[in-house]
Amino acid sequence: MLKLKNPTEYTGPESCRAHLIDEENLSWYLRMQALSFSENATQSEQNEMNMLKR
């Protein structure tokens, strides 16, 4: 939805996320589970979580 909105109309969190997206940094984006459950994750899920944390 950010791509449809004029950047001068972004809220603070939208500005931050747009900047992170431009840098291809998806550390803000949670996918399919809370980080608190990562201790029970499979090896591939742990690898994916580690990549997202970078």
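Helices here are DSSP runs of H or I with at least four residues, numbered from the N terminus. With that in hand, welcome to this predicted model. The chain has 54 residues, and 15% of them count as buried. Two helices and zero strands are found in the chain.

**The chain as a whole**

- Helix α1 covers residues 12-22, and α2 covers residues 43-53.
- The accessible surface of the chain is about 4,800 Å², and carbon and sulfur atoms account for 55% of that surface.
- One salt bridge is present in the structure.

**Before the helix α1**

- Lys5 pairs with Glu14 in a salt bridge, where the closest N and O atoms are 2.7 Å apart.
- Lys5 has a relative accessibility of 27%, so this residue counts as partly exposed.
- Thr8 sits in the segment before α1, and its side chain makes a polar contact of 2.9 Å with the side chain of Asn6.
- Is Thr8 buried or exposed? Thr8 is exposed, because its relative accessible area is 69%.

- Leu20 and Ile21 are both worth a look, and each has its place in helix α1.
- Leu20 counts as buried, because its relative accessibility is 15%, and the cut-off for buried is under 20%.
- Which residues does Leu20 touch, leaving aside residues up to four places away in sequence? Leu20 touches Asn25 and Trp28.
- Ile21 has a relative accessible area of 36%, so Ile21 is partly exposed.

**The loop between α1 and α2**

- Glu24 belongs to the loop between α1 and α2.
- The phi of Glu24 is near 60 degrees, which is a positive value in a residue other than glycine. Most residues other than glycine have a negative phi.
- Glu24 reaches 74% relative accessibility and therefore counts as exposed.
- Leu26 is placed in the loop between α1 and α2 as well.
- At 41% relative accessibility, Leu26 falls in the partly exposed class.
- How many residues apart in sequence are Leu26 and Met51? They are 25 residues apart in sequence, and their C-alpha atoms are 9.3 Å apart in space.

- Which residues make the nonpolar surface patch? Ile21, Leu26 and Tyr29 make this patch of about 270 Å².
- Patches take in residues with over 30% relative accessible area.
- The patch brings together Ile21 and Leu26; Ile21 comes from helix α1, whereas Leu26 comes from the loop between α1 and α2.

Conventions: Residues numbered from 1 in each chain as written. Predicted model: local features only at pLDDT ≥ 70, side-chain atom pairs only at ≥ 80, totals over all residues. Heavy atoms only, no water. Patch = residues over 30% accessible without salt bridge, like charges linked within 9 Å, V, L, I, M, F, W, Y side chains within 5 Å. Areas by Shrake-Rupley, 256 points an atom, 1.4 Å probe, with all protein chains shown as cover. Salt bridge = Lys/Arg side-chain N within 4 Å of Asp/Glu carboxyl O. Buried < 20%, exposed > 50% of the residue type's maximum accessible area, 1.4 Å probe, protein only. Polar contact = N/O pair within 3.5 Å; in protein donor to acceptor, adjacent residues only side chain to side chain. Contact = heavy atoms within 4.5 Å.
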